[in-house]
Amino acid sequence: MKTKKGLGNVYVLVCAAMLAAVSVVIGIFCKSFLNFGNGLFRITLENFPIILSGIAFGPVVGACVGACADIISFMLSTQTLAISPVVTLGAAAVGAVSGLLSHYVLKREGNARVILSVGAAHLVGSVLIKSVGLFAYYEWLVLWRIPTYIVIAAIEAGLLCYLHKSPVFAKIFKLGRRDE
């Protein structure tokens, strides 16, 4: 009997929910304590669990984790800006792009796959799509997101490369791919 793929698998669903919850907690903490310029300059690793979900479980799960984490984080935070569907789309794109690259484009295991998946996810989701959504609030100041997310992407890629070598996380990655 073949097991269900993606969010139809209980293991994947539980892991996705936990990763979304971790992203929400990181996001709320960063929006409250590491927020400068009313949300424009925010030092955060809230995309780390979203990228991890995309790499481990694929683009659909990554996109769902990103969208859920963004919506829940917005509802629970004290941020004064209105919710932007474009920013939520950017969060979903972070998970989807990392999953697409790691599952379908870059087949070879290793650090290069992780680094390229993280870099592309941040470029498409965080720098391009989210910046378009935030342009209405900050105008051209959104360009400051580029150097910020270069640094954040480097930190997240380093952490993921380190975790990818861990036996515990190797099991998680393998369990997420068992249905392919």
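1. Start with helix H2, residues 47–57. Eleven of its eleven residues are buried, so H2 is largely enclosed by the rest of the structure. Buried here means under 20% relative accessible area, exposed means over 50%, and partly exposed is in between, with a 1.4 Å probe and protein chains only. The buried set runs through Asn47, Phe48, Pro49, Ile50, Ile51, Leu52, Ser53, Gly54, Ile55, Ala56 and Phe57. Just past the end of H2, Gly58 has a positive phi of about 105 degrees.

2. A word on what you're looking at: this is a predicted model, where local features need pLDDT of at least 70 and side-chain atom pairs count only at pLDDT 80 or more, while totals for chains, interfaces and linings use all residues. Residues are numbered from 1 along each chain as its sequence is written, and side-chain values use heavy atoms, with hydrogens and water left out.

3. Now the overall layout. The chain has seven helices and two strands, in the order α-β-β-α-α-α-α-α-α from the N terminus. Helices (H or I, at least four residues) and strands (E, at least two) are DSSP runs, numbered from the N terminus. Of the 180 residues, 48% count as buried. Take the contacts (heavy atoms within 4.5 Å) between residues at least 6 apart in sequence: 74% of them join residues at least 24 apart. The accessible surface is about 9300 Å², with 76% of that belonging to carbon and sulfur atoms. Those areas come from the Shrake-Rupley method with a 1.4 Å probe, and for residues only the protein chains shown count as cover.

4. Back to H2 and its partner H4, residues 85–105. Two packed helices are described by the angle between their axes and the distance between the axes. Here the axes come within 7 Å and cross at roughly 35 degrees. Axes are lines fitted to C-alpha atoms, for helices over the stretch in contact, and angles run from 0 to 180 degrees between N-to-C directions. The crossing of H2 and H4 is right-handed; that is, the near helix is turned clockwise from the far one by less than a right angle, with anticlockwise being left-handed. On the H2 side, the residues that meet H4 include Asn47, Ile50, Gly54 and Phe57. Among their H4 counterparts are Ala91, Gly95, Gly99 and His103.

5. Ala92 lies in H4 and is buried, at 13% relative accessible area. Not counting residues up to four places away in sequence, Ala92 touches Gly62, Ala63, Gly66 and Ala67. Its C-alpha is 10.0 Å from that of Asn47, 45 residues apart along the chain. Leu89, also in H4, is exposed, with a relative accessible area of 51%. Leu89 and Ile129 are 40 residues apart in sequence and 7.3 Å apart in space, C-alpha to C-alpha.

6. Leaving aside neighbours within four places in sequence, Glu46 is in contact with Ser23, Ile26, Gly27, Lys31, Ser73 and Glu156. The C-alpha atoms of Glu46 and Ile26, 20 residues apart along the chain, are separated by 5.3 Å.

7. Last, helix H3, residues 59–76. Cys68 is in H3 and is partly exposed, at 41% relative accessible area. Its C-alpha is 8.8 Å from that of Val24, 44 residues apart along the chain. Ile71, also found in H3, is partly exposed at 36%. Together with Ile72, Met75, Leu76 and Ile83, Ile71 makes a nonpolar surface patch of about 460 Å². Patches are made of residues with over 30% relative accessible area and no salt bridge, joining like charges within 9 Å and nonpolar side chains (Val, Leu, Ile, Met, Phe, Trp, Tyr) within 5 Å. A salt bridge is a side-chain nitrogen of Lys or Arg within 4 Å of a carboxyl oxygen of Asp or Glu.
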